[in-house]
Amino acid sequence: MERQSSFRTAKIEKQVSFNGEIEKQSSFRGAMEKQKSFRGLMEKQKSFRIVMEKQLSFIGGGSSERRKSKESPGKRGDSQLHLAARAGNLDKVKEIVGNCNASTSSNEAIGLLMSKTNQEGETPLYASAENGHAVVVREMLKHMDLQSASIAARNGYDPFHIAVRQGHLEVLKELLHVFPNLAMTTDLSNSTALHTAATQGHIEIVNLLLETDSNLAKIARNNGKTVLHSAARMGHLEVVKSLLSKDPSAAFRTDLKGQTALHMAVKGQNEEIVLELIKPDPSVLASEDNKGNTALHIATRKGRIENVRCLLSIEGININAINKSGETPFDIAEKFGSSELVSVLKEAGATNSGKPSNPAKQLKQTVSDIKHDVQSQLQQTRQTGARVQKIAKKLKKLHISGLNNAINSATVVAVLIATVAFAAIFTVPGQYVEKDTPGFTLGQAHIARNAAFIIFFVFDSLALFISLAVVVVQTSVVVIEQKAKKQLVFVINKLMWLACLFISIAFISLAYVVVGSQSRWLAVCATVIGSTIMLTTIGSMCYCVILHRIQESKLRNIRKAESRSRSFSMSMASEHEILNSEYKRMYAL
């Protein structure tokens with residue numbers, strides 16, 4: 001904080017000496033002092049949040065266990081008040097606050113209720129402001145103070161900032177009506193809400209904030225860029241006009257690179273903004289950044305032909321200004337620009353610097369360019385790698401979920417087969433003793449010597465005990481590692497194939513006993529249908545398993561071959577390789 005304060009003081013003195021406006025210096029310093037005093041309030045807010053986090057939430061804790069069980073926090077960890085505020089349910093919000101007032105008369109409990117954050121650090125006021133529910137915001141502000149109303153979420157935005165970002169004008173009016181100082185809050189990069197509104201192009205919000213406090217336009221971000229810098233770079237013409245109407249001298253303020261808003265504007269593609277920035281004082285065209293580049297240098301380097309033409313049309317511009325590298329805009333155009341850009345500058349009278357080239361400088365520039373390109377490539381590779389790893393994690397999660405579903409399904413099927421097999425043993429189909437016969441009792445079954453029944457009995461028993469074995473394994477073994485889980489699924493699936501095959505054989509065998517000798521053709525039909533379906537299904541599954549194993553073996557060989565020839569920077573798998581290697585959309589185990 002001390003470094004940031006010292007930097008701003010030096011920045012202010014530099015701008016005042018450049019513009020020669022001693023009278024405006026006191027107002028600018030007043031804005032800085034106002035911001036510092038507000039930051040002191042933010043420090044108090046941090047201590048308040050620490051105390052608040054150490055206490056149990058009124059809605060979710062304490063002696064009210066019954067109320068805690070009724071909460072439905074969801075993935076974000078939202079309380080009931082969060083959910084009502086996010087949905088814009090004013091009646092529910094009033095009900096929750098009313099219940100809190102009825103159970104306790106302590107203002108501290110109400111404050112804890114309103115200041116409670118979810119897993120993202122969002123308060124109920126944040127949730128309501130983000131979704132633009134102005135009436136809910138108005139109701140909650142009745143029970144809040146400045147500290148709780150300015151609690152920032154983990155993304156660095158407080159309720160005021162997030163409302164600005166989403167463009168909710170009515171919400172901002174409600175917040176400013178109760179707490180005008182919210183306009184002075186900053187995020188992690190020291191951006192005010194005015195910065196956010198200017199970047200997004202919300203002109204109505206920009207005008208509202210400027211009417212609240214015009215000194216907001218003088219506060220710079222950590223990189224030294226003002227609101228005018230952001231608006232000019234993003235191409236928001238109306239915002240630029242509004243800012244310049246409040247303070248025309250803002251066009252001369254520079255960032256840490258020494259660039260003005262005009263330098264930022266020529267990087268874009270809006271000539272109207274360029275003209276608007278030059279209109280208050282054309283001398284801004286001569287402003288140089290830390291490398292001695294004017295706006296014409298920057299526009300030429302970026303290849304913005306229309307902006308170059310626009311700058312050349314301004315009377316009094318120095319077409320042949322030389323930067324600290326000894327280059328004119330024409331030198332830059334010949335080095336980096338297109339033939340059209342070279343001809344435009346040449347027609348306007350641009351020339352070379354006329355200085356002999358310095359081999360040392362050229363070598364230094366070449367090394368700098370190569371270094372920049374390498375860093376750019378490395379950054380792009382890291383970004384690609386992070387994206388690929390993110391995709392891989394998602395696919396791995398889906399893969400594990402599929403394995404878990406297969407295991408659960410196998411358990412259910414095993415239980416069903418065991419149930420059917422167990423019941424079939426004790427449901428003997430007909431052929432009972434109906435007359436007194438020596439060695440038998442009435443009602444006793446006498447089909448034990450029937451070959452079909454013997455086959456049924458054997459295979460039904462096999463299906464029963466295989467299914468029970470699968471159930472025992474599934475309920476006893478806990479597998480965490482993915483490869484081991486895949487092997488377990490492979491073994492269980494094969495056992496379930498056998499169980500299904502054996503129960504099918506048992507059914508067909510029993511069919512010969514049930515239909516009798518006169519209707520044997522029905523049993524034959526069942527045999528043909530069952531055999532065709534089961535053999536086709538199991539055969540297809542075997543083919544898929546073998547095909548999957550062959551493809552896996554080929555992919556492993558390809559990876560080994562590529563790993564020998566690839567460099568480290570190119571050894572990372574692409575999205576296509578991941579989708580078509582071990583994480584297939586469908587395969588058989």
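Reader: Hi! Let's start with the rings. How many aromatic pairs does the structure hold?

Author: Three aromatic pairs turn up in this predicted model. In one of them, Phe 453 and Phe 457 are tilted, with 40 degrees between the planes and 6.3 Å centre to centre.

Reader: Nice. Where do Phe 453 and Phe 457 lie?

Author: Both are in helix H23, which covers residues 451–476. They are four residues apart, about one turn of the helix.

Reader: And is Phe 453 buried or exposed?

Author: Phe 453 counts as buried because its relative accessibility is 11%, and buried means under 20%.

Reader: Which residues do the ring pairs link into a cluster?

Author: Phe 453, Phe 456 and Phe 457 are the ones linked.

Reader: Switching to charges: what sits over the ring of Trp 497?

Author: That would be the charged end of Lys 494, 4.5 Å from the ring centre.

Reader: And which ring does the charged end of Arg 549 sit over?

Author: It's the ring of Phe 490, with the charged end of Arg 549 5.0 Å from its centre.

Reader: Great. Last topic, the surface: which residues make the nonpolar patch of about 260 Å²?

Author: Ile 370, Val 374 and Leu 378 make that patch. Val 374 has its place in helix H22, residues 359–425.

Reader: Why does Val 374 count as partly exposed?

Author: Because its relative accessibility is 43%, which falls between the 20% limit for buried and the 50% limit for exposed.

Conventions. Residues are numbered from 1 along each chain as its sequence is written. This is a predicted model: local features need pLDDT of at least 70, side-chain atom pairs count only at pLDDT 80 or more; totals for chains, interfaces and linings use all residues. Side-chain values use heavy atoms; hydrogens and water are left out. Patches are made of residues with over 30% relative accessible area and no salt bridge: like charges are joined within 9 Å, nonpolar side chains (Val, Leu, Ile, Met, Phe, Trp, Tyr) within 5 Å. Accessible areas come from the Shrake-Rupley method with a 1.4 Å probe; for residues, only the protein chains shown count as cover. A salt bridge is a side-chain nitrogen of Lys or Arg within 4 Å of a carboxyl oxygen of Asp or Glu. Helices (H or I, at least four residues) and strands (E, at least two) are DSSP runs, numbered from the N terminus. Buried means under 20% relative accessible area, exposed over 50%, partly exposed in between (1.4 Å probe, protein chains only). Rings of Phe, Tyr and Trp (its six-membered ring) pair if their centres lie within 6.5 Å; planes under 30 degrees apart count as stacked, over 60 as edge-to-face and the rest as tilted. A charge sits over a ring if NZ of Lys or CZ of Arg is within 6 Å of the ring centre and within 35 degrees of the ring normal.
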